[in-house]
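Thank you for making the time this morning. Please bring it up on your screens.

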Amino acid sequence: MDDAQLDLDDMRDALTGLPGLDMARERLAEWAENAGQAPDEPIPATRFHALLLGLRRFETVNLAYGAAAGDDALVEVARRLTQFAQAELTGPWMAARAPGGTFLLIADEPCSRERWQMFAEQLADRVARPLVRRGGTLRLSPRLALLRVLKDEGAESVLDRLAQTFAVAQRHQGLRVMWADGETTRAGRTAAELEADLLRAIDRKEIEVLFQPQFALNWQSGPDGEQAEERLSGAEALARWNHPKLGRIGAGALFAIAERADHVVPLSRHIAEQALKAAAAWPAPLRLSLNVTAADLSAGSFPFDLGRALGKTGFPNDRLTLEVTEQVLVSDMSLAERSLSDLAAQDIRIALDDFGAGFCNFRYLKTLPLHYLKLDRSMVDGITEDPRDLAVLRAIAAMAHALDLEVIAEGIESEPQRLAVAREGCAYYQGFVRAQPMSAEAFLKLALGQ
């Protein structure tokens, strides 16, 4: 290990593995330089956004459950923060560990004030989910300070304003999100207006379907050493809402709004039809993966509607994979089992998505017609540094193979991770190490080798 790597390791938080504030300062300077400015000049106006996240009365967690539980909570908050940012942000971003059990997120993400507020509210919801551990269930109360970086503002001013605002937010009983200028919100789109916007979004062609490439892996060991050969195997369809006033809204916020508006099924059907239409132009044997919601499975007509969409677009049944999460299954296990069995009988493959993120009920592996286990990114985050994480991955892969299931690794962001999952027998992977989500046109060019 060279000196540069040692210096980099020294700048990371030992508990969460996140960079420290010094690395965040450097990243802001890099962004400023790439924007055509010298690193010591002010950061460009409203292109960069930042937030500071922490837990209210976090000291009570340590008192009630012990320091180890407090450390576990911080690790989980860091995981939820990075996963949410990965899913919702399209531009460069960085999460860092800040003092006092807080976390900084900076983003080179031009967006409206209302969009950054929405992002923060959705992130707060994600962090506030109960944390189940052996000693009991932890209830987390996140507080967030937000800002849009000003024209004449440097990194130290950004951090100072966030810290001062966060201290104020901590003292308010029911206030989760506060802007650094003292405002909690600005007049924008209310929840009711957003729901009404969504009802018109499909007709206005504001819902965009992107495609996250997936790759098949083949681990080879020969005279030239060990290597992981790969080929493009297909893509997962992901939805984004290009709101005319708020900018791009990610899938998490999009479906949360759709659920409030009771519009999940029409939205899901629209996404499926658009994705199947685009995938019909892909060369065989490339596969399409679609996410299935609880509302989809609750609709008794879902298998019929999907079959009709397949027939309309001409996309072959046996090249379609439906990804279903544990959260979807728990709403009505019996109905989910019947619907998925009907779909599997039509030669459609089924993947259990986000495996490892929830309670991992092994009953699903026994009763559902599964073909794939798709690992949550938390299952691969530490496999190149922590032997225990690698051992967990190895055990899951061995169990999957014993059940005749293929493993898909999600969230692969480095070459060492790619090699590790290949070595442990994962058949497929997706992640930014090879490709980010892309438009239908861009994926078709990739598929055709252009």
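This is a predicted model: local features need pLDDT of at least 70, side-chain atom pairs count only at pLDDT 80 or more; totals for chains, interfaces and linings use all residues.

Let me begin with a question: which side chain does that of Arg97 meet in a salt bridge? The partner is Asp13, and the two side chains come together at 2.9 Å, taken from N to O. This pair links distant parts of the chain, since Arg97 sits in strand 2, residues 93-98, while Asp13 belongs to the loop between helix 1 (3-10) and helix 2 (21-34), and the two are 84 residues apart. Arg97 itself counts as buried, because its relative accessibility is 17% and the cut-off for buried is under 20%.

For the overall picture, the chain is made of 450 residues, of which 50% count as buried, and it has 17 helices and 16 strands. If we take the contacts with a separation of 6 or more, 70% of them are accounted for by residues 24 or more positions apart.

Coming back to the charged residues, the count of salt bridges is 23, and I would like to show you a few others among them. Arg176 and Asp125 meet through their side chains at 2.7 Å, N to O.

Arg418 and Glu415 form a salt bridge at 2.8 Å, N to O, and because they are 3 residues apart in helix 16 (residues 415-423), about one helical turn separates them.

Now, what about a charged residue that is buried yet has no salt bridge: how far away is the nearest side chain of opposite charge to Glu410? That side chain belongs to Lys374, and it is 4.2 Å away.

Let me turn to the packing of two helices. The axes of helix 9 (residues 264-279) and helix 11 (residues 302-313) come within 9 Å of each other and cross at roughly 30 degrees. That makes helix 9 roughly parallel to helix 11, and the crossing is right-handed. On the helix 9 side the residues that meet the partner are Arg269, Glu273, Leu276 and Lys277, and on the helix 11 side they are Asp305, Leu306, Ala309, Leu310 and Thr313.

Helix 9 also holds His270, which is buried, with a relative accessible area of 14%. Setting aside neighbours within four places in sequence, His270 is in contact with Ile202 and Ile207, and the C-alpha atoms of His270 and Ile202 are 7.6 Å apart in space although the two residues are 68 apart in sequence.

I will finish with the backbone. The peptide bond from Ala284 to Pro285 is cis, with omega near 5 degrees, and Pro285 is found in the loop between helix 9 and strand 11 (287-291). Two aspartates have a positive phi, a value noted here in a residue other than glycine: near 70 degrees for Asp347 and near 60 degrees for Asp404. Asp347 lies in the loop between helix 13 (333-344) and strand 13 (349-355) and counts as exposed at 53% relative accessibility. Asp404 is in the loop between helix 15 (387-402) and strand 15, and it too is exposed, with a relative accessible area of 68%.

How values were computed
Residues are numbered from 1 along each chain as its sequence is written. Side-chain values use heavy atoms; hydrogens and water are left out. Buried means under 20% relative accessible area, exposed over 50%, partly exposed in between (1.4 Å probe, protein chains only). Lys and Arg count as positive and Asp and Glu as negative; His and the chain ends are not counted. A salt bridge is a side-chain nitrogen of Lys or Arg within 4 Å of a carboxyl oxygen of Asp or Glu. Helices (H or I, at least four residues) and strands (E, at least two) are DSSP runs, numbered from the N terminus. Axes are lines fitted to C-alpha atoms, for helices over the stretch in contact, and angles run from 0 to 180 degrees between N-to-C directions. Angles under 35 degrees count as roughly parallel, over 145 as roughly antiparallel, 65 to 115 as roughly perpendicular and the rest as oblique. A crossing is left-handed if the near helix is turned anticlockwise from the far one by less than a right angle, and right-handed if clockwise. Contact means heavy atoms within 4.5 Å.
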